[in-house]
Amino acid sequence: MSRLAVRKTYKLFIGGAFPRSESGRSYAVTSPDGDFLANAARASRKDARDAVVAARKAFPGWSGATAYNRGQILYRVAEMLEGRRAQLAGELGLGRAEALASVDAAVDRLVWYAGWSDKIAAVHGTANPVAGPYFNLSSPEPTGVVALVAPADPLLGLVSVVAPVIVTGNTCVVVASEPSPLAAITFAEVLATSDLPGGVVNVLTGRQAELAPWLAAHMDVNALDLTGVTDADLALRCEQEAAGNLKRVLRPVPEPADWTADPGLTRMTRFLETKTVWHPLGV
Amino acid sequence: MFEYAPAPESREIVDLRPSYGLFIDGEFTEGSGPAFKTVNPATEETLAEVACASADDVDRAVRAARKAFGGWSGLPGSERAKYLFRIARIIQERARELAVLESLDNGKPIRESRDVDLPLVAAHFFYYAGWADKLQYAGFGTKPLGVAGQVIPWNFPLLMLAWKVAPALACGNTVVLKPAETTPLTALLFAEISRQAELPPGVVNIVTGAGETGAAVVAHPEVDKVAFTGSTEVGRLIARTVAGTGKKVTLELGGKAANIVFDDAPIDQAVEGIVNGIFFNQGHVCCAGSRLLVQESVQEELLAALKRRLGTLRLGDPLDKNTDIGAINSAEQLARIRSLSEAGESEGAERWSPACELPERGFWFPPTLFTGVAQSHTIAREEIFGPVLSVLTFRTPAEAVEKANNTPYGLSAGVWTEKGSRILWMAERLRAGVVWANTFNKFDPASPFGGYKESGYGREGGLHGLEAYLDV
């Protein structure tokens, strides 16, 4: 007699915990063939606000951690993800070989970004030779709380937008791919077991069109990454809302996006501020 | 206070024309909007009549810039560099003329226009001239964006033009620039300078006018890049306007900087820094140190020294070389400073100004400080953009950080202490784009400038300033 599997309840990931949506809502997630896979939580405005509160609370600690420490934790995330390789491959809605390759690429991307934690300042900061007796140095600092709308690619796309944001010290609230949110929640389990402080990454599943505008308008969010928004009207509305407190906005990336390409620095630098410190020279 | 005989700079060096047109495609042309007058804020005398660009005029300017873009961006960087070097040299050659004109149109003391604005303007063109043929080493690629629409404020008219135009041209963009309505004259003289430099027609176009003209520049569909310096309120409108387009935007907006003085700070130096922080350029400075945070234990000593120093500031004729504080730029700005200062009094802060005679004509406001200011007071929250300092106190470094960051702005901050580790500890925690430690209001083309939070985004100056004008 075959054994009946114990299924996982896919919940949200807020402040390091896995709550259900306060709204009590869920939505059915299906495979590309239309087979039922699971019910995912359908996050509400209140969940989004809770997530922003968690991200803000985590910001001083995470941005104040040493770059080395953040790099270590991201590398640990890669290790934990490697350990879930088989499980995640089953949640991507791809053929087995393609799915494994995609998880591998996500692991490798994390390793790549982990190394940037203590190097981005060396390539994006400057020593400025001003015309006067002053020490003058410009260094990158994290922007703050970043709201992200993840692209359709459920794991590699997600990792490719989250890793560059947090490696530099930002905290984030990410809206997972609406049709394929399961890998995002499993990835949250990876984060929860990687010594990443609670609240650094918060994952919401649900309707993009419902959640993104609340995050875009939220006055305690500093930046907005609209990468995964496919509806031009929604993107326009979000960018307009973002003007309310002058959020830094990364506009949508047209699908199909190639997440295997070299990411470059822009996903990190778009969510960095440059701070310039002056001090007189003298004895 | 010593008595000085008046030492006015001659205005003979400036050859003012009765009226000025728009500068489009290398020519001065008529504007189709209603011409407006620009006045000397120190005397209310009309200096000249200036054309107003309508949306159609802006369209003409953008088309000229578009037409010029191919040729300009196609030039080797080394050739663009030489044009910018030429411009920088002509600015140096005509520096006194530009400084006098700036002081006439803006009201700032000649000492500042001559010794701060103009040297920085020339230096900015020199700095970015040198980048034009070295872009491949900067890390942002070498592809320009296209036509840059630039809208600048009235507080540093020519310097803000330099901050906008120099990096844009170095990177291969062409420009449509709108100067502020109350200070268009040095931009129009710059147009003449660009002709002396034989800059190809259409590379720089200057459209004068008020908010509507600026809005037309920002909204024009053929503009690829919007750069704005001004109020946070207008910055928000611009961010909304460009939403959903492909336009790249940089915004340098308001501020409410904290200037933090610890009990071990050298008091005399700190007083000079506080004065420079808030009374430089009549406080018409987005990064002005408008909130003085003083450690409670030295409050009395510091305020006594500060008040003594304010008693020696000379307010009056901007063209007098002894003048420290010039005229407020416009009647409108004066009304705003007055109303915010009245709010300071009515909300319970204590107002103080030195004995200070104000000229009868023109727009003037005495150096003013408010003590007993709470964080909730309007004068501790809103940008006054005038010679008005709000004084607050703190006990611990953590409280200083908390109060300094308690603002939606994040443009600049100042720290005064003799303890090096405390400076770095503070500098790390202050959420501001520029931190001046034991100094204030220093600027240099090699040093990036720009804000956190609602003070805007993007940097001007330095290597970082190139990013704003390249297709990264």
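## Basis of the description

Helices (H or I, at least four residues) and strands (E, at least two) are DSSP runs, numbered from the N terminus. This is a predicted model, in which local features need pLDDT of at least 70 and side-chain atom pairs count only at pLDDT 80 or more, while totals for chains, interfaces and linings use all residues. Residues are numbered from 1 along each chain as its sequence is written, chains are lettered from A in the order in which they are written, and side-chain values use heavy atoms, with hydrogens and water left out.

Most peptide bonds are trans. The bond from Glu255(A) to Pro256(A), however, is cis, with omega near -5 degrees, and Pro256(A) is placed in the loop between β9 (248–250) and α10 (266–269) of chain A.

The domain assignment, which is automatic or taken from a database, divides chain B into domain 1 (19–253 + 452–467) and domain 2 (258–437). The centres of domain 1 and domain 2 of chain B, taken over C-alpha atoms, are 30 Å apart. Contact (heavy atoms within 4.5 Å) involves 31 residues of domain 1 of chain B and 33 residues of domain 2 of chain B. Together the two domains of chain B bury about 2,700 Å², 56% of it on carbon and sulfur atoms, where buried area is the accessible area (1.4 Å probe) lost on putting two parts together, summed over both. Of the area that domain 1 of chain B buries against domain 2 of chain B, 22% is supplied by Trp154(B), Tyr452(B) and Lys453(B), more than by any other three residues.

One salt bridge (a side-chain nitrogen of Lys or Arg within 4 Å of a carboxyl oxygen of Asp or Glu) is found across the interface of domain 1 and domain 2 of chain B. Asp324(B) forms a salt bridge with Arg111(B), their closest N and O atoms being 2.8 Å apart. On the side of domain 1 of chain B that touches domain 2 of chain B, α3 (95–106) and α4 (110–131) of chain B each supply at least two residues.

Most residues other than glycine have a negative phi. Asn281(B) has a positive phi near 60 degrees, and the phi of Gln282(B) is also near 60 degrees. Asn281(B) lies in the loop between α9 (267–279) and β12 (291–295) of chain B. Asn281(B) counts as buried because its relative accessibility is 0%, buried meaning under 20% relative accessible area (1.4 Å probe, protein chains only); Gln282(B) is buried as well, with a relative accessible area of 0%.

Key:
Buried means under 20% relative accessible area, exposed over 50%, partly exposed in between (1.4 Å probe, protein chains only).
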